[in-house]
Amino acid sequence: MKTIGVRRAVNRLMTGLCALALAVALVPLVSLLWLVISRGFAGLSFSFFTAIPAPVGEAGGGVGNAIAGTLYIVGIACLIGVPFGVGAGVYLAERGDTRLGDAVRFIAEVLSGVPSIVIGIVAYALVVIPMRRFSALAGGVALAVLMVPTLARSTEELVRLVPHSLREASLALGVPQWRTSLRVVLRTALGGIMTAILLAVARASGETAPLLFTSLNNQYWNWRADQPTASLTVQIFNYAVSPYTEWHDKAWTSALILLLLVGSLALAGRLLSRRRVR
Amino acid sequence: MQTASEIVTAAREPERAPESAPARVNVPDRVWSGGLLLLGFAVLAVAAVIVAELVRIGGPAISHTGLIAFVRNSTWDVTRDVFGALPFIYGTLVTSAVALVLALPISVGLALFLTEMAPPSVRSIVSFPISLLAGIPSVVYGLWGLFVLVPLLRRPVEPLLAKTLGFLPLFRGPPIGLGYLAAGIVLAIMILPTITSIAIEVLQTVPGTLREAALALGATRWEAIRVSVVPYARAGIMGATMLGLGRALGETMAVTMVIGNSPTIRSSLFSPGYSLPAVIANEFAEASGDLHTGALAALALLLFAVTVLLNIAARLLVRMSRRGPTRVAA
């Protein structure tokens, strides 16, 4: 029989170990954020946001085209992915209490765990092969496919949060189902859905793997959907694995910009949902 | 006098009214319902398209090599059209195993600390940085791994491990930095928030009465956790682990940047290796022909099949544990 002293010591030890886990988990986060900020900040300048990449050995240059490309590709992804994702979510919330609904929900959950590089290959097969070239459209399709399952699941949860009494009040006034869904239920859930969309956009902006062989890369500005397009993430990858130290510095600066972009999108989403709660 | 059946009929009459007027069913309502149904089907269609395209692109390469040979052969020679996936499968499994070994105790400890031990104020403060960790793009993790973790491993960490644990074949060989160990550590950091957040969710479903019963019998807090909380949450924590594993298996950029990209099979964790997603990321855009493209797509199909099976199992486990206890405390 263990004495109470030993048991208390074990209790304290395990509590200490669990607290230690917290410290250990925070070390890489602090290190990563600190380095991205400290190493990336030096390279920040106005032209870094507006110029196109400079060749090795040449001073200056920026990632303006890559920033624009990321926004462009993510924009295409939103145009395709948001209607399907939100729509599927509304279906799950409004008509999802059937066998089919269960199947759709389960498949959406499983799809959200599929590696993004696999989705990249699917977009390659669907868009790049028939078009015979890498394009912003192919990148957008890949990101859209990634957005749909997560958007569907979060939209469903948000629509289900709308109180039943609201729906019943509208139906009792003789408003038809479809108008009730659109004007009352969706209206009420809209703030939350916007948050979900912003978070999905933030996640999509940080994706690299599905863009490697869909939108590829581009050293110049491009606004045509059927042409290869630069993206911030692919540019960071290329800079990081290059053998040149000056390009490594550019990778850090680009990473800082990417984190600011992703972070502000996520923050905007959080603020939006907080306002909704009040 | 009314008969009983007449009364029943009279009472039912108003309910029948809508049935007798099907013409009044709103046409827009039908359209709305149909549209929603189509959007629901879209999710199923996406899943079907993923499978169909992977099989279409990857199928020929598998039938060229033969499925068994494809998975068991360890030579990957593109110029001779020899495609053996074993080094990539091995690298993926080893790095994911390292990641799990490192991340599981830390994330479960963290989840226990936040749900069972820390005051609620600490939980709300800490939950933000943990969600931040989940939101950082993987290419940034790769950048950090390449320029911070790899040099750190090369100089003090790997020589130290070799000196102290060198009797194990895992910790032998030249300390290069780039390799399985670096990839495993980066993966561990990346799956930590996944496992932690689901484990927290699962731990919060443990009924307070279980905990209180143990405490009332004189258990210390740790004993209450060990005897009543952990057994109740076991299935859910397993599910969380499997979701983390699924993420580790498919993670591409961070691994590509630190694993060393060498299609070999080595027992030492210090050696450079390769993983399934990494080889796809490096070779797909510049694949030398249909067979090479196909072989890479076949690797993706393999990855897809494994992650889907893992996810199905994990979701079922998490669902089960949400519904209630699967095992009574041993």
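What pLDDT does chain B average, and what share of the residues score at least 70? In this predicted model, chain B averages a pLDDT of 87, and 90% of the residues reach a score of at least 70. For the complex, the predictor reports an ipTM of 0.93 together with a pTM of 0.90.

Of its elements, helix H1 (residues 4-20) has the lowest mean pLDDT, 48, while helix H10 (residues 253-258) has the highest, 96. One runs over residues 7-21, where the model has 1 contact beyond four places in sequence. The other covers residues 326-330 of chain B, with 9 contacts beyond four places in sequence.

The interface comes next. Here 73 residues of chain A are in contact with 68 residues of chain B. On the chain A side, the helices that each supply at least two residues are H1 (4-41), H3 (64-95), H4 (99-111), H5 (116-131), H6 (136-160), H8 (177-205), H9 (232-241) and H10 (245-277) of chain A. H1(A) gives the largest share of this side, 20 residues. By residue class, the side of chain A that touches chain B divides into 55 nonpolar, 13 polar and 5 charged residues.

The largest nonpolar core has 194 residues. Val186(B), Val258(B), Leu299(B) and Ala300(B) are the residues with the most contacts inside this core. Leaving aside residues up to four places away in sequence, Val186(B) touches Tyr141(B), Gly145(B), Leu149(B), Ala254(B) and Val258(B).

Two residues other than glycine have a positive phi. Arg132(A) has phi near 60° and lies in the loop between H5 and H6 of chain A. Asn261(B) has phi near 50° and is found in the loop between H10 and helix H11 (276-283) of chain B. Is each of these residues buried or exposed? Arg132(A) counts as exposed because 7 other C-beta atoms lie within 10 Å, and the cut-off for exposed is 12 or fewer. Asn261(B) counts as buried because it has 20 C-beta neighbours inside 10 Å, where buried requires 20 or more.

Definitions and conventions: Residues are numbered from 1 along each chain as its sequence is written. Chains are lettered from A and ligands numbered from 1 in the order in which they are written. This is a predicted model: local features need pLDDT of at least 70, side-chain atom pairs count only at pLDDT 80 or more; totals for chains, interfaces and linings use all residues. A nonpolar core is a set of buried Ala, Val, Leu, Ile, Met, Phe, Trp, Tyr and Cys residues joined through C-beta atoms within 7 Å. Two residues are in contact if their C-beta atoms, placed from the backbone, lie within 7 Å. Helices (H or I, at least four residues) and strands (E, at least two) are DSSP runs, numbered from the N terminus. Ala, Val, Leu, Ile, Met, Phe, Trp, Tyr, Cys and Pro count as nonpolar, Asp, Glu, Lys and Arg as charged, and the others, Gly among them, as polar. pLDDT is the predictor's confidence in each residue, from 0 to 100.
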